[in-house]
Each structure stands twice: as C-alpha cells, then as structure tokens.
Amino acid sequence: MPWYPRAVRRPLPESGKQGSIKPRAIILHTAVDARTPNSSIFPYFARADVDVESHFYVFDNGVVEQYMDTVERADANVSANGFAVSIETEDDGAPEQRGWTVEQLASIIDLCSWLCNTHGIPRRQIESPAGSGIGWHAMWGLNNPWTLARGKTCPGMPRIAQIKSVILPALTRGSDMLSDSDVERVAEAVWT
C-alpha cells in the first residue's frame, strides 16, 4: 500500500473501495480554492454529493495530505483515472495570477520523485494522453480527454510554466531538491 511517507494521511470514504491501478502518470492540478489559507480540501472531497477525488493535496506551505493509496483509482482525470496519480494544489482562488510557492514546489518535486521511484514512472513530460510521465490537467487543449470542462487551464499558466522550467528539470536530473538556480527562477516567477 503506497502511502507517501511525508504526507498527512487522511483517507477519504472511497479509500479502499475504488478499483486498483498501475500508476504510469502524474497529473498536476490546482484546486481553485478561495478558502482561508492552508485549509484542507479534504472536506470537499469527503462530501457524499462529490464524486471526484484526488490522491494528494499540497498546501501553500508545502504540507502534503494524501487521500487515496496510489495504487487505487482517484477520479480526477477522466480518461486517465485508470493509470494516473493526481496531485491537487492550493492556490487561494488565483491560479492564473500566481505560481506555486517555493514550499509547494519543493514538496511537489519530492512527491513526484517518490512517485517515480515507487511506481517506475518516467521522469519526463508525458507524451500523449495515454502515455507515461508527468503532465498537467489541461495539457491537451479543448478536446482534452482528462477533463470534461472545455477551455480549462488547470493548473494555470504560471504553474504550467513552473512545471516546464522548474519541476521537470529537477526531476530529469534525478534530484528531489530545488537547486539554487531553481530557487532563483521560482522567486523571479513569484514576483513577476
């Protein structure tokens, strides 16, 4: 049962009841959550009237919550539900205005590194909607098989830029840490 060792475990009511998967992809999301800072998305996913869930949630301060075992289906990615691990992230309702915090980036990189090592997921950008690697929810455009919402930009343009310029380079060089140049790029992106 793969549970990320640095996560706060908060199993959802669906945990242990969904079908099993063999993870080959990681899909990054943003929660579009305008709640109070560092409030959990767990209560939303745990509601009886909500039929989607994610494996993880990363707060602005870098804390990670895990809701589902990574070899169990979480329904956040439509056609990729059967093979993808989903990571939701806090954004204070403004994913198009700001990127992930330095703390979030460090946690996302560490979590993705652990997922790649644990499940043999390639440390590269996913090449197709049914492929293997790391991607983001809206990466396939208007006819996106990973979402039913047309025109979705999840996780937001600043965060997509960080996936390409910070997260993927850190993972492809085999590091689960931010380098000094990564921190400088993140700081610049946050300020601009």
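Student: Let's start with Ile-26: which residues does Ile-26 touch, leaving out those up to four places away in sequence?

Tutor: Happy to. Bear in mind that this is a predicted model. With those sequence neighbours left out, Ile-26 touches Val-85, Ile-87, Cys-112, Leu-115, Cys-116, Ile-121, Gly-133, Ile-134 and Gly-135.

Student: Nice list. Which residues have the most contacts inside the largest nonpolar core?

Tutor: Ile-26 is one of them, along with Leu-28, Phe-56, Ile-87, Leu-111, Leu-115 and Ile-167. That core has 36 residues in it.

Student: And which elements supply at least two residues each?

Tutor: The strands β2 (25-28), β3 (56-58), β5 and β6 (133-136) do, and so do the helices α2 (102-119) and α3 (157-172).

Student: Which one gives the most?

Tutor: Helix α2, with 8 residues.

Student: What else is there apart from that core?

Tutor: Another core, of 11 residues, lies apart from it; Phe-45, Tyr-57, Tyr-67 and Ala-74 are among its members. As background, nonpolar side chains in soluble globular proteins tend to be buried together.

Student: I see some rings there. How many aromatic pairs does the count come to?

Tutor: The count comes to 7 aromatic pairs. One of them is Phe-42 with Tyr-67, a tilted pair with 5.7 Å centre to centre and 45° between the planes.

Student: Why does the pair of Phe-42 and Tyr-67 tie together parts that are apart in sequence?

Tutor: Phe-42 belongs to helix α1 (residues 42-46), while Tyr-67 is in the loop between β4 (64-66) and β5 (84-89), so the pair links parts that are 25 residues apart in sequence.

Student: Are those two buried or exposed?

Tutor: Phe-42 counts as buried at 16% relative accessibility, and Tyr-67 counts as buried at 0%. The cut-off for buried is under 20%.

Student: Which aromatic pair do Phe-45 and Tyr-67 form: stacked, tilted or edge-to-face?

Tutor: Edge-to-face, with 6.0 Å centre to centre and 70° between the planes. Phe-45 lies in helix α1 and Tyr-67 in the loop between β4 and β5, so this pair ties together parts that are 22 residues apart in sequence. Phe-45 counts as buried too, at 3% relative accessibility.

Student: Where does the charged end of Arg-24 sit?

Tutor: Over the ring of Phe-83, 3.8 Å from its centre.

Student: New topic: cysteines. How many disulfides does the structure hold?

Tutor: It holds 0 disulfides. Take Cys-116: the nearest cysteine sulfur is that of Cys-112, 6.4 Å away. A disulfide needs the two sulfur atoms within 2.5 Å, so Cys-116 is in no disulfide. Cys-116 counts as buried, at 4% relative accessibility.

Student: What about Cys-154, buried or exposed?

Tutor: Cys-154 is buried, with a relative accessible area of 6%. A cis peptide bond joins Cys-154 and Pro-155, with omega at about 10°. Pro-155 lies in the loop between β6 and α3.

Student: Which backbone angle stands out at Val-78?

Tutor: Val-78 has a positive phi of about 45° although it is not a glycine. Val-78 is in the loop between β4 and β5 and is partly exposed, with a relative accessible area of 37%. Asp-92 is another non-glycine with a positive phi, about 55°. Asp-92 lies in the loop between β5 and α2 and counts as partly exposed at 32% relative accessibility.

Student: Back to α2 for a moment. What does Ser-107 touch, again leaving out residues up to four places away?

Tutor: Ser-107, which lies in helix α2, touches Tyr-4, Val-58, Gly-62 and Val-64. From Ser-107 to Val-64 is 43 residues in sequence but 7.3 Å in space, C-alpha to C-alpha. Ser-107 is buried, with a relative accessible area of 14%.

Student: Zooming out, how many helices and strands does the protein have?

Tutor: There are 4 helices and 6 strands, following the pattern β-β-α-β-β-β-α-β-α-α along the sequence. Buried residues make up 54% of the 192 residues. Among contacts with a separation of 6 or more, 70% are between residues 24 or more positions apart.

Notes
Residues numbered from 1 in each chain as written. Predicted model: local features only at pLDDT ≥ 70, side-chain atom pairs only at ≥ 80, totals over all residues. Heavy atoms only, no water. Phe/Tyr/Trp six-rings, centres within 6.5 Å; stacked < 30°, edge-to-face > 60°. Buried < 20%, exposed > 50% of the residue type's maximum accessible area, 1.4 Å probe, protein only. Lys NZ or Arg CZ within 6 Å of the ring centre and 35° of its normal. Core = buried A, V, L, I, M, F, W, Y, C linked by side-chain atoms within 4.5 Å. Contact = heavy atoms within 4.5 Å.
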